[in-house]
Structure formats: structure tokens, C-alpha cells
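Hi,

Here is the structure I promised to pass on.

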Amino acid sequence: MSDIVCEYRLESAGSKLELVLDCRTCKRTQKKSDDRCIDKIIRTMENEYNINSILMTNYALTQFQGDALELLHQFVGLRTDLKTMQERKVKPDLSKHCEGCELKPSDLFAKLRELLYPDFDRFTAQLSECVKYLNASLKELDRESRGGKKNPKLCLSCIGDTYKDLTYLFIHYRDLAKQVAIKGFLVVVE
Ligand SMILES: [Zn+2]
Ligand SMILES: [Zn+2]
């Protein structure tokens with residue numbers, strides 16, 4: 001995603017802030033680059049609060065408003081949540097196996113965050129993999145507690161924190177997926 005070159009400026013009118021993306025520089029000509037422009041919008045909105053209007057310009061003007069804007073805000077919200085989860089510090093844990101641990105927040109949530117947009121399908125697949133892995137780990141932990149063989153790879157601190165975060169994430173993801181299904185990926189009003 002490093003080759004996104006859409007230039008943008010922020011214009012204020014009273015308390016409102018409009019994000020104006022100049023896509024003559026990014027050569028927005030096809031669907032693929034549209035996705036990149038929207039990715040750029042989402043990343044910009046993450047750092048600039050109070051954007052309540054978005055205009056994308058090249059040969060034509062595209063205005064995001066209403067449902068489309070609402071959907072963008074939901075993506076931004078989830079990205080922000082993922083960042084908080086990603087930055088959660090892992091407690092020093094008893095098993096000392098956190099390096100390479102599959103539930104390590106900094107790796108797991110960073111990956112999900114990168115996929116969220118524009119690869120929502122892969123995000124969905126990755127999220128369900130994580131949930132499956134977590135459930136398997138929990139089952140193993142349960143077996144251990146009932147006297148089963150110890151699995152040295154199980155990382156207790158990651159299992160605990162990631163369980164809470166994934167549960168939260170899954171609820172919000174379902175909400176977003178529902179919106180995507182109802183409204184289309186992004187409803188763009190021109
Ligand atoms: Zn662009
Ligand atoms: Zn771990």
C-alpha cells in the first residue's frame with residue numbers, strides 16, 4: 001500500500017471539515033485504484049477527526065455522504081480499535097513462549113488491521129481462523145486443567161487478552177459485515 005499517492009487537503013467551513021482527495025495524481029482510472037483511494041481516505045480519517053464530508057476528484061467528482069460516509073466511519077472505528085488491540089502489551093507469562101505465539105496481539109491484530117480495507121474478504125477469513133485457533137487453544141487449556149498433557153506452546157497471557165479482544169472485535173465485525181451486505185460495499189453518491 002506504499003504506492004498510494006492521492007494528494008489531499010482539508011477544507012474547513014465553520015465547524016465542518018471536508019476532505020478533498022485529488023486523484024489526478026494517483027491516476028484513478030479503474031476499480032483497483034478506487035479501492036486504494038478509499039483506503040487512503042480511511043487512513044486519513046483515522047488521524048483527522050471531525051471529517052464530515054469527502055470529495056474525491058479527478059475527471060469527475062465523487063461525493064461521499066449519508067450511508068457511504070457512515071460506512072467509512074465504521075471502517076475507521078474498527079481500524080482504531082484494532083490499533084489499540086495491536087498495541088496491548090503482553091504480560092510476561094509463565095510459559096515464556098510468546099515469541100512466535102500465534103495469538104500475540106502485536107502480530108495478530110496488525111495483520112487484521114492491514115487486511116480490513118481493501119481486502120474485507122481476506123479479513124473475514126483471517127478473523128475466523130483466529131477464532132478457530134483460539135477456541136482450539138481454550139479446549140487444550142481445559143484438557144490441561146483436568147490433568148491432560150501440558151502443551152508448552154500455549155501462551156496463557158495471550159489467550160486471556162486475545163479472547164477478550166477477539167470477542168469484542170467479532171461483535172463489531174458482524175455489525176460492519178451486515179452494513180456492507182445491506183448497503184453495498186460503499187454507496188457512492190455522485
Ligand atoms: Zn486516489
Ligand atoms: Zn503469547
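This is a predicted model: local features need pLDDT of at least 70, side-chain atom pairs count only at pLDDT 80 or more; totals for chains, interfaces and linings use all residues.

Residues are numbered from 1 along each chain as its sequence is written, and chains are lettered from A and ligands numbered from 1 in the order in which they are written.

**Overall layout**

The protein chain has 5 helices and 4 strands. Both are DSSP runs numbered from the N terminus: H or I over at least four residues for helices, E over at least two for strands. Along the sequence they come in the pattern β-β-α-β-β-α-α-α-α. Of the 190 residues in the protein chain, 21% are buried. Here "buried" means 20 or more other C-beta atoms within 10 Å of the residue's own, "exposed" means 12 or fewer, and "partly exposed" is in between, with C-beta atoms placed from the backbone. If you take the contacts between residues at least 6 apart in sequence, 65% of them join residues at least 24 apart. A contact is two C-beta atoms, placed from the backbone, within 7 Å.

**The sheet**

The 4 strands make an open sheet in the order β1-β2-β3-β4, with mixed pairing. Strands count as paired if DSSP finds at least two bridges between them. At the edges stand β1 and β4 (61-64), each with a single partner strand, so one side of each has no neighbour in the sheet. From one strand to the next, the twist averages 20°.

β1 (residues 7-13) and β2 (residues 16-22) run antiparallel, joined by 7 bridges. One spot to look at is S12, which stands opposite L17 in β2. The two strands form a hairpin with 2 residues between them, and G14 in the turn has a positive phi of about 65°. The number of buried residues among the 7 in β1 is 0, so the strand lies largely in the open.

E11, which sits in β1, counts as exposed because it has 11 C-beta neighbours inside 10 Å. Beyond its neighbours within four places in sequence, E11 is in contact with E18 and V20. E11 and I51 are 40 residues apart in sequence, yet their C-alpha atoms are 9.5 Å apart.

Further along, β3 (residues 51-57) pairs with β4 in the antiparallel sense over 4 bridges. There, I54 has F64 of β4 as its bridge partner.

**The helices**

α2 (residues 66-86) and α3 (residues 105-116) pack at about 165°, with axes 8 Å apart. Axes are lines fitted to C-alpha atoms, for helices over the stretch in contact, and angles run from 0 to 180 degrees between N-to-C directions. That makes α2 roughly antiparallel to α3; the cut-offs are under 35 degrees for roughly parallel, over 145 for roughly antiparallel, 65 to 115 for roughly perpendicular, and oblique for the rest. Residues making the contact include F75, L78 and L82 of α2 and F109, L112 and L116 of α3.

The axes of α3 and α4 (residues 120-145) come within 8 Å and cross at roughly 155°. These two helices are therefore roughly antiparallel as well. Their contact includes L108, L112 and L115 of α3 and F120, F123 and L127 of α4.

Cheers
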